[in-house]
Amino acid sequence: MTCKKNNPAVRRYTIRLAVLVSAYIGLLIFSKWMFKHGYGEGALAYVLALLPALPIIGVVWAVMRLLVEQTDEYLRMLMVRQTLFATGFTLVITSVREWLQNFDLISPEDGGFGATFFWFVGLGIGGAINALHERRGRNAE
């Protein structure tokens with residue numbers, strides 16, 4: 001997110017992000033290990049498969065929470081623009097992918113990335129666009 005590091009909201013966001021990403025890595029390793037060793041059967045298989053998704057959902061929550069906690073209106077506007085870009089980017093990518101699947105140009109079983117992955121990529125691109133706008137604005141002064 002485009003913010004100053006000494007901002008209290010950003011500090012809380014960074015801590016939340018570190019905890020959630022660590023939880024994701026741990027749960028992913030745990031779930032993979034359980035499946036590899038034959039424990040991924042029946043109802044437990046669904047639980048194990050969904051465990052790594054929980055911290056990813058938490059990351060989306062953390063981004064939205066940062067929007068709520070950000071007190072600087074300009075920084076909040078930059079973050080809103082970044083998340084809107086990420087959402088639009090995700091909708092475009094997933095729409096194109098689904099139409100390609102509808103016409104059997106790519107397989108539905110291609111193991112493609114989920115929408116959340118593209119949203120995170122869009123956040124990164126949106127942040128880069130914000131940074132370019134910021135740099136251009138400073139150079140114009």
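The chain contains five helices and zero strands, where helices (H or I, at least four residues) and strands (E, at least two) are DSSP runs numbered from the N terminus. Read from the N terminus, the order of elements is α-α-α-α-α. The model is a predicted one, in which local features need pLDDT of at least 70 and side-chain atom pairs count only at pLDDT 80 or more, while totals for chains, interfaces and linings use all residues. Residues are numbered from 1 along each chain as its sequence is written, and side-chain values use heavy atoms, with hydrogens and water left out.

The overall dimensions were computed next. The C-alpha trace spans about 60 × 40 × 20 Å along the principal axes of the chain. The radius of gyration of the chain is 19 Å, whereas a compact globule of 141 residues would have a value near 14 Å. This radius is taken over C-alpha atoms, and the globule rule is 2.2 Å times the number of residues to the power 0.38. Of the 141 residues in the chain, 28% are buried. Here buried means under 20% relative accessible area, exposed means over 50%, and partly exposed lies in between (1.4 Å probe, protein chains only).

The accessible surface of the chain amounts to about 9400 Å², and carbon and sulfur atoms account for 68% of this area. Accessible areas come from the Shrake-Rupley method with a 1.4 Å probe; for residues, only the protein chains shown count as cover. Contacts (heavy atoms within 4.5 Å) were also sorted by sequence separation. Of those in the chain between residues at least 6 apart in sequence, 69% join residues at least 24 apart.

Five aromatic pairs are present in the structure. One of them joins Phe85 and Phe89, which are stacked, with 6.1 Å from centre to centre and 20° between the planes. Rings of Phe, Tyr and Trp (its six-membered ring) pair if their centres lie within 6.5 Å; planes under 30 degrees apart count as stacked, over 60 as edge-to-face and the rest as tilted. Phe85 and Phe89 are separated by about one helical turn because they are four residues apart in helix α4 (residues 73-102). Phe85 is partly exposed at a relative accessible area of 31%, and Phe89 is also partly exposed, at 22%. Phe117 and Phe118 form an aromatic pair that is edge-to-face, with 5.3 Å between centres and 75° between planes. In this pair Phe117 is partly exposed, with a relative accessible area of 36%, while Phe118 counts as buried at 15%.

Asn7 is placed in the segment before α1 (8-36) and counts as buried, with 12% relative accessibility. When residues up to four places away in sequence are not counted, Asn7 touches Gln70 and Leu75. Asp104 is found in the loop between α4 and α5 (115-140). Although Asp104 is not a glycine, its phi is positive, at about 55°. Asp104 is exposed, with a relative accessible area of 65%.

Separations between C-alpha atoms were computed for three further pairs of residues. In helix α1, Val19 counts as exposed at 53% relative accessibility. Gly26 and Leu51 are 25 residues apart in sequence, and their C-alpha atoms are 9.9 Å apart. Arg97 has its place in helix α4 and is partly exposed at a relative accessible area of 21%. From C-alpha to C-alpha, Arg97 lies 9.8 Å from Ser107, and the two are ten residues apart in sequence.
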